[in-house]
Amino acid sequence: PSDIVAVGDTGSVLRYNGSTWTRESAPTSLLLRAIWNGGAGQYFAVGERGTILRSSGPAWTPQASGTQQFLRAVWGSEPTNVYVVGDSGVVLHFDGGRWSTVTVPVSNTKRLRAVWGTSANDVYIGGDGGTIVRYDGVRWQTLGVPTTRDLRTIWGRGPTEIYAAGDSGTVLHYDGEAWKTVATPSTKTLYSIFGVPGTAQIA
């Protein structure tokens, strides 16, 4: 509650300390699309033209991504095991020292828009056309889902309760064995999904 960071257009970075928001200086004027909190004050932010920024406090440092693709999502199990996904099927992995390209069974015409995991050996990536691939600690494999809609967010409470959401109000639930459609009253594009703290509710 006393350390929240938001990112957005023209390299905007705002930090909340529990009472006020302040603007921080970032070494880019490009659009920042997503951010991940690695704990202990460490953050990773990603955006257009392969932008990756890392912070261990108020100072932000650019990192060499090796790509010019638009990077749309970031998640890690810890600061030395971070994944970034984006356009043209790009997947990058950070081992604490450098970023490297990860080969996944996804067409290079797909935009990958979401990444989330329950652990270092249980990572999920979502994107265009109902794309979901999973890393089980050994290999990446495509998972069958009951939609061809673009998926824009993935979140869960654990290996047997994972949700994905996206275009036309699409919401999917994974119980550890199969993905199933969850009925919703919306036909709008859904960009984020999360659990309401202290409840069983999903928003």
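Start by selecting T80, found in the loop between strand 8 (71-78) and strand 9. Strands here are DSSP runs of E with at least two residues, helices are runs of H or I with at least four, and both are numbered from the N terminus. This is a predicted model: local features need pLDDT of at least 70, side-chain atom pairs count only at pLDDT 80 or more, and totals for chains, interfaces and linings use all residues. Residues are numbered from 1 along each chain as its sequence is written, and side-chain values use heavy atoms, with hydrogens and water left out.

**Stop 1: around T80**

Stay on T80. Is it buried, partly exposed or exposed? T80 counts as partly exposed, at 40% relative accessibility. The scale is this: buried means under 20% relative accessible area, exposed means over 50%, and partly exposed lies in between (1.4 Å probe, protein chains only).

Now show what T80 touches. Leave aside its neighbours within four places in sequence, and T80 is in contact with F94, D95 and G96. Contact means heavy atoms within 4.5 Å. Then pick H93. From T80 to H93 is 13 residues in sequence, and 9.3 Å in space from C-alpha to C-alpha.

**Stop 2: the whole chain**

Zoom out and colour by secondary structure. How many helices and strands does the protein chain have? It has zero helices and 19 strands. The radius of gyration of the protein chain is 16 Å, close to the 17 Å that the globule rule gives for 203 residues, so the chain is as compact as a globular protein of that length. That radius is taken over C-alpha atoms, and the globule rule is 2.2 Å times the number of residues to the power 0.38. Along the principal axes, the C-alpha atoms fill a box of roughly 45 × 35 × 30 Å.

Of the 203 residues, 49% count as buried.

Colour the charges next. There are 17 positive and 15 negative ones, and their mean positions are 5 Å apart. Lys and Arg count as positive, Asp and Glu as negative; His and the chain ends are not counted. Each charge is placed at NZ of Lys, CZ of Arg, CG of Asp or CD of Glu.

**Stop 3: aromatic rings**

Select Phe, Tyr and Trp. How many aromatic pairs does a search of the whole structure find? It finds ten. Rings (for Trp, the six-membered one) pair if their centres lie within 6.5 Å; planes under 30 degrees apart count as stacked, over 60 as edge-to-face, and the rest as tilted.

Go to Y16 and W21. This pair is tilted, with 5.1 Å centre to centre and 35° between the planes. W21 is partly exposed, at 47% relative accessible area.

Move to Y83 and W140. Their ring centres are 5.8 Å apart and their planes meet at 80°, so the pair is edge-to-face. This pair links distant parts of the chain: Y83 is in strand 9 (residues 81-86), W140 is in strand 15 (residues 140-142), and the two are 57 residues apart. Y83 is buried, at 6% relative accessibility. W140 is buried too, at 13%.

Now select W36, F44, F94 and W99. Ring pairs link these four into a cluster.

**Stop 4: I35**

Select I35 in strand 4. At 25% relative accessibility, I35 counts as partly exposed. Which residues does I35 touch, not counting those up to four places away in sequence? They are V5, V7, Y43, F44, A45, W60 and V74.

**Stop 5**

Most residues other than glycine have a negative phi. A40 sits in the loop between strand 4 (32-39) and strand 5 (42-47). It counts as exposed, at 81% relative accessibility.

Select S88 next. Its phi is positive as well, about 60°, and S88 is not a glycine. Look for it in the loop between strand 9 and strand 10 (91-94). S88 is partly exposed, with a relative accessible area of 33%.

**Last stop: A64**

Finish at A64, in the loop between strand 7 (60-62) and strand 8. A64 is exposed, at 69% relative accessible area.
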